[in-house]
Amino acid sequence: MIPLSWYLIFAAGLFSLGLFGVLARRNAVAILLGVELMLNAVNINLAAFWRYGNVTDMTGQVFAIIVFAVAAAEVAVGLALVISVYRSRNTVVADEIDMLKW
Amino acid sequence: MDFLKDPLKLAADWLIGLMTGWGMPEGVAAGVAAFLGIFVLIAILMVIDIFLVWLERKVVARFQDRIGPNRLGPFGLIQPFADIIKLLIKEDITPANADKVVYNLAPMLSMMSVLILWAIIPLAPSMLGVDLNVAALYIIATGAIGTLSIIMAGWSSNNKFALLGAFRQVAVMVSFEIPMVASLLIPTVLAGSMGMNAIIEKQDIWFFILSPLGALIFLIAAIAELGRAPFDMGEAESELISGYNVEYSGMKFGMFYAGELLHAFTFGGFWGILFFGGYRFFGLEQVSPFLSIPILLFKAVIGYWIIMWVKYTMMRIRIDHMLAFNWKFLTPLSFALLIVTALVHALAKDAALWVYGLSMFLSNLVLGWIVVEFLRRYSRAEREKVEGPARPAMEAAGH
Amino acid sequence: MTTAQIIFLVVAAVTLVSAFMVVTTRNLIHAALWLVATLFGVAVTYALLNANFLAVVQVVVYIGAIAILFIFAVMLTRKEMRDQGPQLNSAWWISALLAVLTFGGLVGMLWGWKGMDTLASEMPVGFDSVSALGDALISPNAFVLPFEVASVLLLAALVGAVYVAFNPRSGDSRK
Amino acid sequence: MNQWLLIAFFFIVGLIIPVGAIGVAAILGPKKPNPVKQETYECGLETVGDSWVQFKAQYYIFALVFLIFDVETVFLFPWAVRLGQLGLFAVIEGIVFIAILIAGLVYTWRKGMLEWA
Amino acid sequence: MTTETLIWLIPLPPALAFFLIVLFTNKNKALSHSVGVGAAVLSWLASMVVFFRALGVEHLGEHPFVSSVNWLPTGDTWFKIGVAIDPLGAAVLFFVSITIFMIFLYSVGYHNFGQPKGDHDRAGLPPHGATVTDEQGHKHTVPSVEPMYSRFFAFLGLFAFGMYTLVVSDNLLTMFVGWEIMGLCSYLLIGFWYGKPSARAAAIKAFMTTRIGDVFMLLGIAFLYSATGTLTFREIFTEEMLQHLVSIDPHFLGLTGAGLIGLLLFIGTVGKSAQWPLHVWLPDAMEGPTPVSAMIHAATMVSAGVYAVIRMFPLLSLDHNTMTVVAFIGTFTAIFAATIAVAQNDIKRVLAYSTISQLGFMIAALGIGAYVAAAFHLITHAFFKALLFLGSGSVIHGMEHGVLHTGNHSVDPQDMFNMGGLRKKMPITFWTFLIGGFALSGFPLLTAGFWSKDEILADAWANGHLVVFVTLALAAFMTAFYTMRQITLTFLGEPRTKEAEHAQETPWTMTVPLMVLSVFAIGYGWVGIPENFLNLQLAPSWFHEFVGGTLAEHPEVIPFNPIPLIVSLVVALGGLLLGWLYYRNVNSAKEDFFQIPLLKNKYYFDEAYQVVFIKPVIWLSEVFTYKWLDQGLIDGILHFFGPATGGIGGFIRQYIDLKVINEFIGDGLAAVTQETGRTLRPIQTGRIQQYMMLSLVILAVVGALLYFMLGAGL
């Protein structure tokens with residue numbers, strides 16, 4: 001059978017790839033992609049801990065669903081922001097969106 | 001283990017016995033047997049698909065008061081096979097600087113999304129692909145994959161019209177998915193489970209009787225989901241030269257076309273399962289799988305007939321009307337219906353069966369009447385806006 | 001190595017590769033599509049974990065809605081369809097280092113954790129995870145509040161996104 | 001586990017059929033590509049402008065609303081499943097849940113975001 | 001009205017008079033003096049009633065009129081004060097009431113009541129006469145009325161109240177209260193004409209010297225109270241109490257307890273009755289108006305001192321050393337004062353010194369145990385000394401008439417060498433003054449002075465105090481000599497100056513008291529004639545019987561001895577004769593042999609005291625405490641602190657506030673923060689990915705830190 005560690009390591013790998021995507025990509029939308037990857041990694045962990053814990057205690061799955069909702073909300077708002085920035089600044093490159101620079 | 005009762009089990013045991021004989025371990029043998037079973041099922045489906053092509057062209061002709069294909073074979077039965085052979089040997093042209101990988105992947109996905117639907121369709125009480133307890137959502141999942149294939153097709157063929165057509169089609173499909181999901185929720189509420197088998201078992205009274213409005217909404221949403229008839233924004237020949245599959249030719253186009261037909265047929269089947277009791281026909285299904293399968297297919301054909309009927313009689317609706325219809329009418333209605341059914345169900349589920357059935361039916365009737373009344377007032381307001389208050393004037397004129 | 005382990009390794013490999021592709025491909029649409037592939041891989045992992053509901057929801061929500069949203073967003077925010085210039089920003093190697101560091105840190109911590117090698121317990125017979133989930137979400141003494149709050153969250157997201165993206169004041173929403 | 005294995009088989013078979021068909025067609029069909037043939041089809045006219053034309057914002061709106069309602073339905077399914085057992089209180093919870101989101105729909109409707117043009 | 005309540009009421013009228021005058025009637029002169037004199041009359045009547053009742057009581061000494069009341073709660077017992085009249089008290093009360101009444105009457109005339117207001121008289125200066133135009137338009141100056149007329153009577157009233165309380169009180173405390181009131185009044189009355197600087201100095205001098213004596217007296221009272229727990233005479237003079245006092249050993253000069261208390265009280269009397277060391281204030285006290293000098297410095301106040309010693313005689317007699325000290329001081333003062341009196345020119349100063357020497361006689365008598373003689377001499381002296389002083393007052397008043405008449409204010413109306421031949425101008429004054437003089441010098445058989453002085457000499461002789469006898473006889477001789485000198489210079493011979501020619505007799509209000517007092521000066525002597533005088537049993541020596549009763553054991557009568565009698569006769573007559581013979585033809589100070597500078601300047605005692613006491617004290621207060629201590633030390637410290645704190649403050653401001661806080665911390669900090677701000681600013685690049693990277697790095701670092709710090713427990 002598959003030990004829990006495999007899932008956790010797999011999730012960690014996915015998480016770090018997502019992290020790399022977030023930190024390295026120039027395009028704001030790509031950053032959001034990275035964030036999505038990270039959220040999925042978290043979800044895998046939750047499901048794994050549900051499965052390898054007391055299965056009747058559905059907390060893990062409930063958390064996973066809530067993460068779904070949050071991820072959906074996050075993407076919606078994130079992309080809306082990027083689009084509105086694009087429409088007013090005509091750029092999506094993260095480095096150029098530095099209006100908050102001091 | 002009478003053959004009539006459970007032919008599939010018999011065949012499977014026979015096969016597994018054969019393979020274990022060949023020295024294959026038990027697990028693997030079971031796996032291979034299952035695989036073969038599925039392959040056979042899909043093959044039968046493809047055959048049905050081909051037959052459907054014929055059926056489609058015949059029925060359309062009949063609607064349009066013409067004969068339809070009758071040259072090849074009796075009543076033109078061989079016509080579809082000729083088409084397929086034509087498609088096979090036709091050169092398929094890949095447009096310049098199209099995105100090769102995505103371009104080729106799109107048709108496969110669209111066909112696959114339809115085929116995997118049959119995994120959860122219960123052919124007989126004991127004979128079904130997979131008794132998944134999240135079957136209802138599975139339908140929507142496959143729908144999502146279908147949407148994705150359309151986008152990929154539209155975007156990869158590097159054609160303005162393909163892209164526009166694809167995205168319009170996606171917009172429509174996406175919008176109508178909400179009412180469909182809501183209407184799917186109603187049988188789940190009534191049956192208390194998402195599994196298809198459970199829904200069928202619960203249908204002592206056909207769900208169509210309990211919530212006719214839900215069935216209606218499901219049908220409309222399904223038609224829109226398929227991108228057919230009144231909602232076929234995708235391959236609106238006149239405006240967008242058949243939308244996303246404009247750049248496709250040959251077998252890839254065949255895949256799209258066949259996929260679409262099969263998809264319609266599948267949804268006809270689902271309509272039957274969800275609202276007309278699936279393979280149940282007053283206890284006939286218990287006799288043997290061989291009886292339940294024809295019942296199911298019969299209901300599926302009826303559903304498919306209605307879809308075709310709607311397709312070839314209704315005219316295409318403008319896209320903004322379509323979307324407005326969905327978001328401003330269908331979605332609120334479906335959720336209202338969901339709330340009403342949930343309420344009535346919660347209140348009356350312990351009552352006697354006929355009380356339960358009657359109350360559900362009446363609630364749907366009342367909701368339907370309200371909706372119709374609301375529509376009539378809305379349309380009169382619209383007409384006055386366009387024609388001005390002519391009509392009452394005429395009545396006043398004693399006409 | 002049982003079949004499940006093999007399947008898991010294959011699926012994990014496929015998902016990680018597609019995740020890597022998501023992060024590195026130049027063409028954003030490709031990135032989105034690779035994301036779909038990763039999401040599908042994650043769905044399969046859920047299936048392996050017998051979380052039926054999660055698997056299907058993953059497909060429905062992520063692939064059905066979020067991926068499409070991404071593609072639409074990408075479409076909306078590109079003057080020309082083709083991308084120019086490098087997709088990775090200048091300091092990509094630091095982020096690479098950090099990512100590896102994080103991965104190493106996480107694995108290191110996990111390694112020390114004694115619960116690492118627990119095996120999956122047998123699924124109880126007749127246990128319907130969906131109805132159990134339903135109970136957990138709905139029954140008053142469980143997670144009913146997060147259930148309601150989730151709706152508020154979605155409402156907020158909807159109103160926020162609509163307002164931010166297409167408020168007549170901030171540029172022409174019809175463009 | 002075996003449920004999902006069957007579904008995996010379905011996926012595999014589902015892919016084999018179209019791939020097989022297209023593969024056979026690719027094998028059988030002639031391959032004589034030439035620039036004219038491969039031009040994008042615009043009812044025979046020369047292609048005008050770029051193929052990736054600027055996009056209408058409406059698509060994003062519909063996708064957005066669809067996403068929110070999709071997630072909502074995801075939440076509603078467990079509710080629907082357990083509705084029978086938990087009685088009136090569960091129904092009221094669901095109703096509140098749906099009402100809040102309908103409010104969102106009404107907001108978008110009033111904002112005029114649902115019009116297509 | 002029982003006698004006791006009457007005794008309580010005796011001191012009250014003068015006190016009431018004082019308050020009435022001060023508060024209400026000081027504007028109206030006639031009203032004020034009538035109030036004053038009325039009060040004096042009332043007290044006098046009350047005293048007479050009490051006196052005659054006391055005479056009527058058999059053995060008054062055993063059961064005198066006594067009434068006491070609880071005054072101060074001292075723990076569980078009460079401190080009692082009260083009044084008591086025993087034979088001594090009665091006798092003293094008799095002469096005190098008469099003299100006070102006479103002086104009140106005399107003052108009315110002395111302050112020219114009824115005369116016009118002075119032209120430019122100012123309050124605080126003696127009146128300088130007023131110019132009046134009579135019907136013929138002649139302008140001539142007339143003595144003007146005293147501007148502070150009612151104020152004088154108020155003070156007299158207060159003084160009378162003090163004297164009466166002293167006499168009637170049955171305990172030391174109220175006696176001391178009366179004692180102090182009289183001290184105050186002497187200050188006020190001596191300094192009555194506060195305009196004159198000499199009057200002011202004299203008042204202060206009088207007050208300070210008596211004050212020194214009073215301090216010791218207070219010590220004595222305190223010691224007595226602590227030893228016996230009570231101050232009432234009756235309780236002290238019981239046998240066992242006295243033994244108890246004797247038994248106490250205060251380890252002081254080998255005196256017994258009683259002795260020490262007696263000595264301390266005696267020092268109080270020395271101050272009050274101007275005995276030798278503390279006599280300097282009495283001559284200067286003549287600055288005050290003559291009735292004051294008469295009353296205070298002849299009759300009442302100074303005799304109060306002697307009365308106190310007589311009252312405390314039973315306590316003193318217990319200790320031999322104290323008696324010898326008293327005797328020595330008495331005799332020495334007598335001879336000493338007499339020698340100075342001879343060289344004085346001012347008519348009042350001669351009398352002042354004669355008072356001092358006569359008091360010396362009494363103290364000496366007490367010193368040698370002659371209790372009754374001392375008391376007898378005290379009373380007789382009061383009468384004739386009051387007479388002499390009032391007589392000199394009327395002489396000065398007459399001379400002022402002359403000065404005003406001639407307008408030559410440089411002539412001093414009090415200098416005897418400016419007078420002469422006044423017997424024709426002022427016959428009544430001359431005769432009364434003559435009687436007084438003979439009484440003072442002890443003219444044999446006739447005058448009271450003779451009997452009392454002879455008693456003392458007889459006692460001295462009888463008890464074998466030869467040294468005391470001889471000095472007292474010599475003093476008596478000199479007294480007679482300077483008395484005769486005074487009489488001849490002022491009255492006999494021819495007027496030496498024009499003012500003397502114009503001197504006029506004083507009005508009746510002044511001459512009547514003189515006549516009354518002269519009657520007593522003679523009559524009172526016969527009361528004390530000893531029974532065994534010349535063994536003729538002339539009179540039953542009432543005085544001896546009566547006053548002797550106050551002592552527990554009756555003093556025995558001394559046998560008659562001719563020698564002291566003869567000596568006193570020789571001394572008295574010789575002094576008078578010589579005085580007259582020598583001074584008949586002496587017309588100016590230069591011719592007077594006895595103007596020896598030593599004597600004239602009072603043995604330079606004033607200068608000595610000035611140098612020995614006053615200068616050091618002044619130096620002590622002025623230079624030492626003020627200059628060094630106050631200004632030098634304290635101000636120094638403050639002056640040190642002032643600038644020091646200023647310096648410190650400056651330092652702090654300069655180096656700490658400005659440098660450290662403003663520059664280093666204030667600006668420095670600001671600069672640092674600005675610098676850090678500037679350095680940290682670039683971090684906020686606006687690029688979101690850099691933020692993420694930064695946070696991740698920090699997360700990693702902190703994570704690692706925590707991990708290692710908390711140990712591998714994770």
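Seven residues of chain D are in contact with six residues of chain A, contact meaning that the C-beta atoms of two residues, placed from the backbone, lie within 7 Å. On the side of chain D that touches chain A, seven residues are nonpolar, none is polar and none is charged. In these classes Ala, Val, Leu, Ile, Met, Phe, Trp, Tyr, Cys and Pro are nonpolar, Asp, Glu, Lys and Arg are charged, and the others, Gly among them, are polar. This is a predicted model, in which local features need pLDDT of at least 70 and side-chain atom pairs count only at pLDDT 80 or more, while totals for chains, interfaces and linings use all residues. Residues are numbered from 1 along each chain as its sequence is written, with chains lettered from A and ligands numbered from 1 in the order in which they are written.

**Confidence**

- The predictor assigns the complex an ipTM of 0.67 and a pTM of 0.59.
- Chain E has an average pLDDT of 85, and 99% of its residues score at least 70; pLDDT is the predictor's confidence in each residue, from 0 to 100.

**Chain C against chain A**

- Between these chains, 76 residues of chain C are in contact with 63 residues of chain A.
- At least two residues of the side of chain C that touches chain A come from each of α1, α2, α3, α4 (92-112), α5 (129-138) and α6 (144-166) of chain C. Helices (H or I, at least four residues) and strands (E, at least two) are DSSP runs, numbered from the N terminus.
- That side of chain C is made up of 56 nonpolar, 18 polar and two charged residues.

**Helix α1 of chain C**

- Helix α1 (residues 3-24) of chain C has 22 residues and spans 32 Å from its first C-alpha to its last, close to the 32 Å expected. The expected span is 1.5 Å times one less than the number of residues.
- Its buried residues are F8(C), A12(C), T15(C), S18(C), A19(C), V22(C) and V23(C). They lie on the same side of α1(C), because they cover an arc of only 140° around the axis, the arc being that of the directions from the helix axis to the C-beta atoms.
- A residue is buried if 20 or more other C-beta atoms lie within 10 Å of its own, exposed if 12 or fewer, and partly exposed in between, with C-beta atoms placed from the backbone.
- The cover over the buried residues of α1(C) includes α1 (4-24) and α2 (28-52) of chain A, together with α2 of chain C.
- T3(C), I6(C), V10(C) and A13(C) are exposed on the other side of α1(C).

**Chain E**

- Chain E contains 28 helices and four strands.
- Of the 714 residues in chain E, 50% are buried.
- Among contacts in chain E with a separation of 6 or more, 78% are between residues 24 or more positions apart.
- Strands β3 (residues 130-133) and β4 (residues 139-142) of chain E run antiparallel and are joined by four bridges; two strands pair if DSSP finds at least two bridges between them.
- A130(E) is opposite V142(E) in β4(E).
- The hairpin of β3(E) and β4(E) has five residues between the strands, and G137(E) in the turn has a positive phi of about 85°.

- Most residues other than glycine have a negative phi.
- F75(B) has a positive phi near 50° and sits in the loop between α2 (26-63) and α3 (79-89) of chain B. F75(B) counts as partly exposed because it has 13 C-beta neighbours inside 10 Å.
- N50(C) has a positive phi near 55° and belongs to the loop between α2 (28-48) and α3 (52-76) of chain C. N50(C) has 19 C-beta neighbours inside 10 Å and therefore counts as partly exposed.
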